Amino acid sequence: MNPLYHQASFVASAPRLQDAPPDQGMEIAFAGRSNAGKSSAINTLVQQNALARVSKTPGRTQLLNFFRIDDDRKLVDLPGYGYAKVPEAMKREWQQMMETYLKNRKALSGIVLVMDIRHPLTDFDWQMVEWCEVSKLPLHILLTKADKLKFGAAKTTLLQVQRDLSRAEIVVSLQLFSALNKTGIDDVHQVLDEWFGFSSEPSD
C-alpha cells in the first residue's frame, strides 16, 4: 500500500474541459456506470470517507473532479455514464464533456474502469474498452462490490470477463474489489504506482 495516496486532496470540479486545472503532469481517470461504486472505490483507495462524493442517487458525479496526489500526479473522477433519471439534454452534455476530456487531455495516462461485478461489460463499458484500445491507453478494471457474491462466484465472473476481454487488442488488467470489505486496495495501488512511475523512483 502506498501512503502517498492517503494525502490526496480536492483540487477542482470542472463543468467543461476549459475549466480544468492546467493540462500538465500525469492524470489517471476513474470511469464507470453511475451505480458501479466509482466514488466509493476512490475514497477507499485514498482512505478518506468523503473525498469523492458518494450518493445513493446514480449520476450525481456530473463534473470532472480533480484530486491532487502530488505536484505531478492527479486522480480524476469522471461523470458516471448510463445516468438514471436525468433529462436527455443533460446526458448528452455530460457525455460530450467526458469525450472531450478523453480525446484532448494530454496529461491522461491511464483509465481505471469500474464495473459492478453483478453487471459487468455493459455497452458503455465496451465503449470505454474500445476507446482505450484506439487511444493506446493502459486500462485496469475493478470488478467492484465483490462482497455481494460468494468468492467462488466472484472468481468465476472474473475469469469470464477475462475471457470476454481477450478479443480486445489491448493489454488490460482486472481484479476483484470491495469498498465495503476493503479488499483489493494493494492491487490497485500497485497498478497506480506503475502508471505514475512511483515504482521506478528510488525510496528514501
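Ile111 touches Ala29, Ala31, Leu102, Met128, Trp131, Cys132, Leu137, Pro138, Leu139, His140 and Trp195, leaving out residues up to four places away in sequence. Touching, or contact, means heavy atoms within 4.5 Å. This is a predicted model: local features need pLDDT of at least 70, side-chain atom pairs count only at pLDDT 80 or more, and totals for chains, interfaces and linings use all residues. Residues are numbered from 1 along each chain as its sequence is written, and side-chain values use heavy atoms, with hydrogens and water left out.

**Nonpolar cores**

- The largest nonpolar core has 39 residues, and Tyr101 and Ile111 have the most contacts inside it.
- Elements giving two or more residues to this core include β2 (26-32), α2 (88-104), β5 (108-116) and α3 (123-135).
- The largest share, 5 residues, comes from α3.
- A second, separate core of 25 residues includes Ala36, Ile69, Phe177 and Val191.
- A nonpolar core is a set of buried Ala, Val, Leu, Ile, Met, Phe, Trp, Tyr and Cys residues joined through side-chain atoms within 4.5 Å.
- Buried means under 20% relative accessible area, exposed means over 50%, and partly exposed lies in between (1.4 Å probe, protein chains only).
- Helices (H or I, at least four residues) and strands (E, at least two) are DSSP runs, numbered from the N terminus.

**Helix α5**

- Helix α5 covers residues 185-196; at 1.5 Å a residue, its 12 residues should span 16 Å.
- The expected span is 1.5 Å times one less than the number of residues.
- The end C-alpha atoms of α5 are 16 Å apart, which agrees.
- Buried residues in α5 are Ile185, Val188, His189, Val191, Leu192, Asp193, Trp195 and Phe196.
- They pack against β2, α1 (38-46), β4 (73-77), β5, β6 and β7.
- Asp186 also sits in α5, but Asp186 is partly exposed, with a relative accessible area of 45%.
- The C-alpha atoms of Asp186 and Asn2 are separated by 8.0 Å, although the two are 184 residues apart along the chain.
- Just after α5, Gly197 takes a positive phi of about 85 degrees.

**Ser109 in strand β5**

- Ser109 lies in strand β5.
- Ser109 is buried, with a relative accessible area of 18%.
- Its side chain reaches the backbone oxygen of Ala107 at 2.9 Å.
- Beyond its neighbours within four places in sequence, Ser109 is in contact with Met26, Glu27, Leu137 and Pro138.

Methods:
Polar contact = N/O pair within 3.5 Å; in protein donor to acceptor, adjacent residues only side chain to side chain.
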